[in-house]
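Here is a short report on one protein chain.

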Amino acid sequence: SAVVLFITNGLNLYNTYRTNREIVVGQQQLIAKEAAEAVKVFVQKKLITLRVSAVAGELEKHSSGRERTILEKLFGQEPSFRQLVLVNDQGRDIAKAARSVQQDLKQLTPGLRNQIFSQVRYGENYISPVYINESTFEPMVLIATPVQNVLGDFKGTIIAELNLKFMWNLVDALEIGNEGLAYVVDRNGDLLAFHDVGLVLKGENLKRLEKVKQFINDPDGVLERKANVTRGIKGTRVVSTYVPLSVPDWAVVVEMPITEAYSSVVGNFIFSLVITGLTLVLAILIG
């Protein structure tokens with residue numbers, strides 16, 4: 001009886017462990033999706049601000065002297081904007097505004113202008129790859145949205161340099177359990193947002209991490225993004241997963257210490273093990 005009971009309860013213990021492990025994986029993926037949605041909304045809100053300002057300010061009319069005033073008002077509405085440029089449908093600059101007179105948008109090269117125009121003239125938004133500011137060493141990105149008249153005709157584009165340091169507080173405020181953390185990387189594996197700002201300013205590249213490497217090698221999103229145990233950004237063993245944002249081409253990686261992630265699994269396993277042991281002892285005594 002004891003042997004039969006041992007085998008039966010052993011199989012039940014293993015099945016309980018697998019079930020609880022799948023629950024942990026599902027919870028981890030849900031947390032990652034919520035974190036990714038928060039970061040995606042951060043960028044989308046900036047694009048919406050640009051588009052609303054273009055419509056409300058009637059920038060498609062290119063009225064002399066009004067455009068710069070409208071652009072400067074945007075700085076008060078959105079602190080993350082560092083520079084703004086209004087371009088007409090011929091690619092000529094109509095108005096510029098910057099937070100500092102010493103700032104110059106060197107990244108807006110003729111080639112990049114053509115790339116922006118080829119995308120926004122069809123009503124789509126544009127988000128550039130991330131680059132590092134030469135003076136502040138902060139991550140920046142260019143975003144652009146079309147300027148259209150009431151009929152929807154393309155009349156130009158409004159381009160903004162977005163300072164990603166304002167995303168740091170958002171990522172730092174994400175609650176990933178008690179000791180978990182989240183961070184944002186681009187397609188090259190460069191760290192864009194993390195609670196340790198020093199790593200971001202240093203331009204830390206995280207290609208060495210398994211989940212970041214998986215994101216880099218999966219541009220089409222065909223690989224299964226299942227949470228598993230791996231080495232984390234701090235060098236410890238964690239349960240990690242990631243969620244790509246697609247637009248922009250970034251990913252949010254979520255990590256949770258293995259002891260915290262599997263605490264419920266270990267607790268249930270120990271409880272079941274104790275019950276099994278007591279049952280076996282009782283079976284032997286009765287036998």
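## Pocket lining

By class, 7 nonpolar, 6 polar and 3 charged residues line the largest pocket. Ala, Val, Leu, Ile, Met, Phe, Trp, Tyr, Cys and Pro count as nonpolar, Asp, Glu, Lys and Arg as charged, and the others, Gly among them, as polar. The volume of the largest pocket is about 310 Å³. Of its 16 lining residues, Ile127, Ser128, Pro129, Pro248 and Asp249 are the closest to the centre.

A pocket is an open set of points on a 1 Å grid over the protein atoms alone, where a 1.4 Å probe fits, with protein on both sides within 12 Å along at least five of seven lines; lining residues have an atom within 4 Å of a point. Grid points are joined across faces, edges and corners, and the volume is the space filled by probe spheres set on the points.

This is a predicted model: local features need pLDDT of at least 70, side-chain atom pairs count only at pLDDT 80 or more, and totals for chains, interfaces and linings use all residues. Residues are numbered from 1 along each chain as its sequence is written, and side-chain values use heavy atoms, with hydrogens and water left out.

## Overall shape

The chain has 8 helices and 11 strands. These are DSSP runs, numbered from the N terminus: helices are H or I of at least four residues, strands E of at least two. The radius of gyration (over C-alpha atoms) is 26 Å, well over the 19 Å that the globule rule (2.2 Å times the number of residues to the power 0.38) gives for 287 residues, so the chain is more spread out than a compact globule. Its C-alpha atoms fill a box of roughly 100 × 40 × 30 Å along the principal axes. Buried residues make up 45% of the 287.

Buried means under 20% relative accessible area, exposed over 50%, and partly exposed in between (1.4 Å probe, protein chains only).

| Residue | Relative accessible area | Class |
|---|---|---|
| Ser53 | 9% | buried |
| Pro110 | 61% | exposed |
| Gly203 | 40% | partly exposed |

Ser53 lies in helix α1 (residues 2-56). A polar atom of its side chain is 2.9 Å from the backbone oxygen of Thr49. Pro110 sits in helix α3. Its C-alpha atom is 9.4 Å from that of Gly91, 19 residues apart along the chain. Gly203 is in the loop between α5 (197-201) and α6 (210-216). The C-alpha atoms of Gly203 and Tyr131, 72 residues apart along the chain, are separated by 9.9 Å.

Note on methods: A polar contact is a pair of N or O atoms within 3.5 Å; within protein, one must be able to donate a hydrogen and the other to accept it, and residues adjacent in sequence count only if both atoms are side-chain atoms.
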